[in-house]
Amino acid sequence: MAVLMPKPSAAVLGRRAAIVSALKAIVPGEGVVDAANEMRVFESDGLTAYRQMPLVVVLPETVDQVAAVLRYCHAERIPVVPRGSGTSLSGGALPLEDGVLLVLSRFNRVLDIDFDNRCAVVQPGVTNLGITRAVEHRGFYYAPDPSSQIACSIGGNVAENSGGVHSLKYGLTANNVLGIEFVTIEGEVIRLGGKHLDSEGYDLLGLMTGSEGLLGVVTEVTVRILQAPETARAVLIGFPSSEQAGAAVAAIIAEGIIPGGMEMMDRPAIHAAEDFVHAGYPRDVEALLIVELDGPKAEVDHLLAAVERISHTHGCASAKVSQSDEERAAFWAGRKAAFPAVGRISPDYYCMDGTIPRKELPKVLAGMKDLSVKHGLRVANVFHAGDGNLHPLILYDANKPGELESAEEFGNDILRLCVAVGGVLTGEHGVGVEKRDLMPEMFSDDDLKHQQRVKCAFDSEHLLNPGKVFPLLHRCAELGRMHVHKGQVAFPDLPRF
Ligand SMILES: Cc1cc2nc3c(=O)[nH]c(=O)nc-3n(C[C@H](O)[C@H](O)[C@H](O)COP(=O)(O)OP(=O)(O)OC[C@H]3O[C@@H](n4cnc5c(N)ncnc54)[C@H](O)[C@@H]3O)c2cc1C
């Protein structure tokens, strides 16, 4: 493993048998997995370059069990890594050798659908798409739609503040979650928000959303559900260059149009997707925009005409409007399958996730071309153009010595470029282990210490998902807060990584 993780505690490793039997007493039946061959499936998440077998896997079914497991781990100073479906692309759910992997997939029930209040209460293991499936019979849906929506859990979405094609108009997870229940590392069950729109006091719900499993384990989520729009139509617009497509994106937004989705793909991604799903994409263009307009029919027609006009002003080569819901779905099918499609043209790919101010798109795309030459690797670009969230896919072959390292360095350079133009290290995939060591590119030491003081307030012994997000672990005492347990100083052999 190239990324340095906290040194496993010999004391915890030496007590494995006792820990497993204590956990089996808390979660009986098949809720504890400790055989190596059965744990293998959990050794990695979507960032498959990194693998680590956990100490033990626990799959609780009730909030009481979650609380009891966390209370036990806190008392015994055992790290805990929460996991939903394991689709994280930043290594957020990467296990620890001396850590319990707490998997929430058995929390898979929709608890309450409240159409009058336009919300649903679900357990964290329900998949993102599962929420829409549960409410679509009444014409409703859950708006944030990561491409992984068929598999990823809503608990993981909350932890990563996930987004998708519809986030440009309808917001990220943070804008669509009304309340959560979570359990602290000390086993306290806390409720934030609910079916109502706002709460007084600090915005702890906002703090928990995107906290990457470092502050608590989410055990229930109340989400906003929306009525599906009357009409939705998509238009495929081909451009002779990525720079022209990028300029058209900025002009569409500048004109005050907020599409339901506005995605962009470059030539390698267009060809890979077209070969894979035959979505009807033009092959003779350098960049493709997929723009979806939704709302009342008259408004959609008006906005479609405006988008086409702006695109022609920016030199588009072709524009094709969907004529049916089936055709619209086909347009999106290519985009949604773009990652696996790129997987067919390269033995391996590394998906990056940075966000930039929209107007910097042409500059960053040009910069990426130079970096591609510098690192000797190809890159395919697929991204949420409307909100400036880039997903460059760096193509490499892990079997060729040094290519993984080159791909990672290429990725780091792309993220540095994003920060340099006023952007951020991540749009929706989280920091995890992947971008952890780049955090100082964006935050000063004081910024990072301040963020860690928040972590200390929730988890003073750094037991929840340690080794993720923060490049350098500070003792809570160093940060002005000391929590001594049974006379032992937390983290005596403090890992510095
Ligand atoms: C092909 C593919 C496409 C993708 N497309 C998108 C996309 O379009 N947009 C996007 O935003 N993401 C995308 N992702 C990334 C990923 O699907 C999201 O980050 C998703 O939210 C992760 O959910 P999960 O249930 O798999 O979480 P996991 O991978 O299991 O965990 C992710 C993080 O959440 C924490 N966590 C999980 N459950 C809980 C819980 N109940 N309580 C506390 N912490 C928890 C974990 O500790 C970890 O830090 C994609 C991934 C893949 C593989």
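**A pair of crossing helices**

Mentor: The helices α9 and α14 cross in a right-handed manner. The model in which they are seen is a predicted one. Helix α9 covers residues 242-254 and helix α14 covers residues 361-375. Their axes come within 8 Å of each other and cross at roughly 155 degrees. Angles over 145 degrees count as roughly antiparallel, and α9 and α14 are therefore described as roughly antiparallel to each other.

Which residues of α9 and α14 make the contact? From α9 come S242, E243, G246, A247, V249 and A250, while α14 contributes L361, P362, L365 and A366. By class, the contact of α9 with α14 holds 7 nonpolar residues, 2 polar and 1 charged.

A second pair of helices may be set beside the first. Helix α2 (residues 16-26) packs with helix α4 (residues 63-76) at an angle of about 155 degrees, and the axes are 10 Å apart. It follows that α2 and α4 are also roughly antiparallel to each other. The crossing in which α2 passes α4 is right-handed. In this pair, I19, A22, L23 and I26 of α2 meet Q65, A68, V69, Y72 and E76 of α4. The contact of α2 with α4 comprises 7 nonpolar residues, 1 polar and 1 charged.

Domain 1 and domain 2 both give residues to the shell around the ligand, so the ligand's shell lies between them. Of the 36 residues around the ligand, those that come nearest are G84, G92, G155, G156 and G213. At least two residues of the shell are supplied by each of β3 (80-83), α6 (154-160) and β10 (217-224). Helix α6 provides the largest share, 5 residues. By class, the shell has 12 nonpolar, 19 polar and 5 charged residues.

Key. Residues numbered from 1 in each chain as written. Predicted model: local features only at pLDDT ≥ 70, side-chain atom pairs only at ≥ 80, totals over all residues. Axes fitted to C-alpha atoms, helices over the stretch in contact; angles between N-to-C directions. Helix = DSSP H or I, 4+ residues; strand = E, 2+ residues; numbered from the N terminus. Parallel < 35°, antiparallel > 145°, perpendicular 65-115°, else oblique. Left-handed = near helix turned anticlockwise from the far one by under 90°. Contact = placed C-beta atoms within 7 Å. Nonpolar A, V, L, I, M, F, W, Y, C, P; charged D, E, K, R; others polar. Near = placed C-beta within 6 Å. Domains from an automatic or database assignment.
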